[in-house]
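Please look over the sequence and the model that follow, and keep both in view while you read. The report goes from the overall fold to single pairs of side chains.

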Amino acid sequence: MLERGSRPVSDDLMSDVLRVFSLPPTARPLESHHNARFGEELFKKALGELGYPGFAYLKSRLCLNPAQLLLLALDSDDLDARLAEALPWLPFHFPDLDWGWLTTETKSRDRQNRLAYVTLLASDVAQSRGEAELAESLRSRVASLERSRLANEDTLAKNSMSQAERK
C-alpha cells in the first residue's frame, strides 16, 4: 500500500528510512498543497530535528523537508524573532533544496519577496565565511526571483507590526 501510494508514509517510518539509507533531509517528500499552520513550538522542533543549533535540544521525529519547512515559515503571518532569524540557516545548510518546487509554491502564495530576502541573507553568510561557490549559487537563486518580485512592501512573517515599526 505504501509503494502504490494508497497509504501515507508515517513520520516514524520516514525517519527510519532516512536513517537506514543515510538520506539527507531534502529527500523527504514534499506536499504541494500543505495548508497547515504550524505553531511556533512545531517550527522550533522541526528546526531542531534538522540540526539548527538554537533549537537542537528540541529534537523530535517531525519529518519535514527543509524546503517545506521554509515555505511554511515564509507563509506565516507572525513568527517569533528567533524563528525568523533561523530561516537563512535552511538554504545555507541545505543548498540542494528543491528550488523549483519552492519557487513555484512561494510564487503561488505571493511569498517570493520573502524567499529572496532569506536566500540573500544566506548568501551573505556564505560569502562572509569564505564559501564563494555557495554564495554565488544562492545569489543566482535570488536573481531568478527578481523578475517576479512584488512591488508591495512586506514584513518577514511579522504582520502584527505597527505602522511605526514598519517605517
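In what order do the elements of the chain run from the N terminus on? They run α-α-α-α-α-α-α-α-α, and the chain accordingly has nine helices and zero strands. Here helices (H or I, at least four residues) and strands (E, at least two) are DSSP runs, numbered from the N terminus.

This is a predicted model, in which local features need pLDDT of at least 70 and side-chain atom pairs count only at pLDDT 80 or more, while totals for chains, interfaces and linings use all residues. Residues are numbered from 1 along each chain as its sequence is written, and side-chain values use heavy atoms, with hydrogens and water left out.

**The chain as a whole**

Of the 167 residues of the chain, 43% count as buried, where buried means under 20% relative accessible area, exposed over 50%, and partly exposed in between (1.4 Å probe, protein chains only). The accessible surface of the chain comes to about 9,600 Å², and 50% of that surface belongs to carbon and sulfur atoms. Among the contacts in the chain with a separation of 6 or more, 69% are made by residues 24 or more positions apart; contact means heavy atoms within 4.5 Å.

**An enclosed helix and a packed pair**

Helix H3 (residues 66–74) is largely enclosed by the rest of the structure, because nine of its nine residues are buried. Among these buried residues are Pro66, Gln68 and Leu74, and what covers the buried residues of H3 includes helix H2 (40–50), helix H5 (89–93), H6 and H7.

Two packed helices are described by the angle between their axes and the distance between the axes. Helix H6 (residues 99–108) packs with helix H7 (residues 112–128) at an angle of about 135 degrees, and their axes lie 8 Å apart. That angle makes H6 oblique to H7, since angles under 35 degrees count as roughly parallel, over 145 as roughly antiparallel, 65 to 115 as roughly perpendicular and the rest as oblique. On the H6 side the contact is made by Trp99, Leu102, Thr103, Thr106 and Lys107, and on the H7 side by Gln112, Leu115 and Thr119.

**Salt bridges**

A search of the whole structure finds five salt bridges, a salt bridge being a side-chain nitrogen of Lys or Arg within 4 Å of a carboxyl oxygen of Asp or Glu. The table gives some of them.

| Side chains | N to O distance |
|---|---|
| Arg109 and Asp75 | 3.1 Å |
| Glu105 and Arg109 | 3.5 Å |
| Asp124 and Arg139 | 2.6 Å |

In the salt bridge of Arg109 and Asp75, the pair links distant parts of the chain, with Arg109 in the loop between H6 and H7 and Asp75 in the loop between H3 and helix H4 (81–86), 34 residues apart. Both Arg109 and Asp75 are buried, and Glu105 is buried as well.

In the salt bridge of Asp124 and Arg139, Asp124 lies in helix H7 and Arg139 in helix H8 (residues 132–146), so the pair ties together parts that are 15 residues apart in sequence. Asp124 is partly exposed, with a relative accessible area of 37%, and Arg139 counts as partly exposed at 33% relative accessibility. Elsewhere, salt bridges that share partners join Asp75, Glu105, Arg109 and Arg111 into one network.

How values were computed
Axes fitted to C-alpha atoms, helices over the stretch in contact; angles between N-to-C directions. Areas by Shrake-Rupley, 256 points an atom, 1.4 Å probe, with all protein chains shown as cover.
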